[in-house]
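Trainee: I am new to this structure. Could you walk me through it?

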Amino acid sequence: MTGEKRHYGEAVHRLLSAQKPGHGVPAYLRWVNRGLGRRLAAMGYVLGLSPNAVTILSAAVSFTGIGIIAFATPSIVMSWLAVLLLLFGYALDSADGQLARLLGSSSPAGEWLDHVVDALRLPAFHLGLAIGLYRRVDAEIWTVAVAMTFALVASTSFIGQLLAEKLGPKTVSAPGSNARAWVSVAKQPYDVSTSFLTVLCLPWLGTFMVLYGALLIFTALVALASLYRKYQWLASADVGFSQETS
């Protein structure tokens, strides 16, 4: 495509027609983040960026936000800046895959890089919070333990989801693949964007810990249910596979 002029509007239209189905995914991811990612992918297309460059940019933006949470003095301005950077990085995380599809350049290496960044970013956000809480004179040690527990839950949930997608049979729909719209709304607290938004309350430690602690409990319960469903799905697929090959 060297020398060919790339048009933003045309790229957005092409991406819209090839949008992944959003059945069963949280509301922000389904109706906001993928739309933002689509526009950022179109912008990257016009600028001539590669999908891997967008992945690296996503990581840089996200970890800048995490660094602010970990080491800056808590304030309203700090919280807003950190949240905006985290949500921007989240949108870029959606953009890299969409750009790859637009360019027809999807590759195992690119997907691997994307997953590695995700696997690092998710627990790093909560570990950044743990560092920030540890540095605060008005925070007790148990608040640090809550953030570290959340990092463990987020990491386990992510790898469980990823492995189910990779190990499950491609001809069978994964649990939640045909879910109704209300399921997306119900799952919104489980989405990482909700965790990011709690940072807006970080200047008010008591309010933040109530919201963040409740979110940890909800996330852990949903993660346990999701992991159980995926295990049952993979176990039933394994039985079917054994019967077919016997």
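This is a predicted model: local features need pLDDT of at least 70, side-chain atom pairs count only at pLDDT 80 or more; totals for chains, interfaces and linings use all residues.

Mentor: Residues are numbered from 1 along each chain as its sequence is written, and side-chain values use heavy atoms, with hydrogens and water left out.

Trainee: How many helices and strands does the chain have?

Mentor: Helices (H or I, at least four residues) and strands (E, at least two) are DSSP runs, numbered from the N terminus. Read from that end, the elements run α-α-α-α-α-α-α-α-α. The count is nine helices and zero strands.

Trainee: What share of the residues counts as buried?

Mentor: Buried means under 20% relative accessible area, exposed over 50%, and partly exposed in between (1.4 Å probe, protein chains only). The chain has 246 residues. The buried share is 44%.

Trainee: Which parts of the chain does the pair of Phe125 and Phe196 tie together?

Mentor: Rings of Phe, Tyr and Trp (its six-membered ring) pair if their centres lie within 6.5 Å; planes under 30 degrees apart are stacked, over 60 edge-to-face, the rest tilted. By this rule there are five aromatic pairs. Phe125 and Phe196 form an edge-to-face one, at 5.0 Å centre to centre and 80° between the planes. The pair ties together parts 71 residues apart in sequence, because Phe125 lies in helix H5 (residues 108-135) and Phe196 in helix H8 (residues 192-198).

Trainee: Why is the pair of Phe150 and Tyr212 tilted?

Mentor: Phe150 sits in helix H6 (residues 141-167) and Tyr212 in helix H9 (residues 205-245), 62 residues apart. Phe150 is buried at 2% relative accessibility, and Tyr212 is buried at 0%. The ring centres are 5.0 Å apart; the pair is tilted because its planes stand at 40°.

Trainee: How far apart are the side chains of Arg30 and Ser184 in their polar contact?

Mentor: A polar contact is a pair of N or O atoms within 3.5 Å; within protein, one must be able to donate a hydrogen and the other to accept it, and residues adjacent in sequence count only if both atoms are side-chain atoms. Arg30 is in helix H2 (residues 27-47). Its C-alpha atom and that of Ser184, 154 residues away along the chain, are separated by 7.5 Å. The polar contact of the side chains spans 2.9 Å.

Trainee: Which residues are linked in a network of salt bridges?

Mentor: A salt bridge is a side-chain nitrogen of Lys or Arg within 4 Å of a carboxyl oxygen of Asp or Glu. The whole structure holds four. One of them joins Arg121 and Asp118 at 2.7 Å, N to O, and both of these residues are buried. The network links Asp93, Asp118 and Arg121.

Trainee: Which helices hold Lys166 and Glu111?

Mentor: Their side chains meet in a salt bridge of 2.4 Å, N to O. Lys166 is partly exposed at 41%, and Glu111 is partly exposed at 36%. The two are 55 residues apart, with Lys166 in helix H6 and Glu111 in helix H5.

Trainee: Is Arg136 buried or exposed?

Mentor: Arg136 forms a salt bridge with Asp138 at 3.0 Å, N to O. Asp138 is partly exposed, at 45%. Arg136 has a relative accessible area of 11%, so Arg136 is buried.
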